[in-house]
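Me: I'd like to go through this fold with you, piece by piece. Could you start with the terms we need for the sheet?

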Amino acid sequence: MDTTQLLKGVLDLAVLAVIRDADGYGYDVLRRLRAAGLADVGDASVYGTLRRLYSAGCLTSYVVPSEEGPHRKYYGITDAGRDQLTESTKTWTGFARTMDDLLTGEAVA
């Protein structure tokens, strides 16, 4: 199964989850998502998601000078972002439970 379409629906949730515990810059967020098992996530998708979540007030940002290259723009989660993460987690949990039940035959009447 191609997971790219699935990723489009949950990338906001995944990015918020990654940033929940530690701020991160774009490539760092991408690296953490891939390390968590989302190997197919694209860098353009992550950067676009960071910009969109920032514009929606779910993320804050600040610039940190880097000794290894250009300055890095770090993102952190806001209270609105934590609220969205909580609501989206509830939605995802219910959806995943329903799909599990369907796939295992437990939901079939």
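Reply: Two strands count as paired if DSSP finds at least two bridges between them, and the elements themselves are DSSP runs numbered from the N terminus, helices being H or I of at least four residues and strands E of at least two. This is a predicted model, in which local features need pLDDT of at least 70 and side-chain atom pairs count only at pLDDT 80 or more, while totals for chains, interfaces and linings use all residues. Residues are numbered from 1 along each chain as its sequence is written, and side-chain values use heavy atoms, with hydrogens and water left out.

Me: What's the strand order, then?

Reply: The order is S1-S3-S2, in an open sheet of 3 strands with antiparallel pairing. Strand S1 (24-25) and strand S2 (59-64) are the edge strands, since each pairs on one side only.

Me: Which strands does H3 touch?

Reply: H3 packs on the sheet and touches S2 and S3, with its direction at about 115 degrees to that of S2. Contact here means heavy atoms within 4.5 Å, and axes are lines fitted to C-alpha atoms, for helices over the stretch in contact, with angles running from 0 to 180 degrees between N-to-C directions.

Me: Switching to helix packing: at what angle do H2 and H3 cross?

Reply: The axes of H2 (residues 26-35) and H3 (residues 43-55) cross at roughly 120 degrees and come within 10 Å, and the two helices are therefore oblique to each other. In this scheme, angles under 35 degrees count as roughly parallel, over 145 as roughly antiparallel, 65 to 115 as roughly perpendicular and the rest as oblique.

Me: Which residues make that contact?

Reply: From H2 they are Gly26, Tyr27, Val29, Leu30, Leu33 and Arg34, and from H3 they are Asp43, Val46, Tyr47 and Leu50. These divide into 7 nonpolar, 1 polar and 2 charged, where Ala, Val, Leu, Ile, Met, Phe, Trp, Tyr, Cys and Pro count as nonpolar, Asp, Glu, Lys and Arg as charged, and the others, Gly among them, as polar.

Me: How does H1 pack with H2?

Reply: Helix H1 (residues 4-21) packs with H2 at an angle of about 105 degrees, the axes being 10 Å apart, and that makes H1 roughly perpendicular to H2. Leu11, Ala14, Val15, Val18 and Ile19 of H1 meet Val29, Arg32 and Leu33 of H2, a set with 7 nonpolar, no polar and 1 charged.

Me: What about H1 and H4?

Reply: The axes of H1 and H4 (residues 79-104) come within 10 Å and cross at roughly 125 degrees, which makes H1 oblique to H4. The residues of this contact divide into 6 nonpolar, 4 polar and 3 charged.
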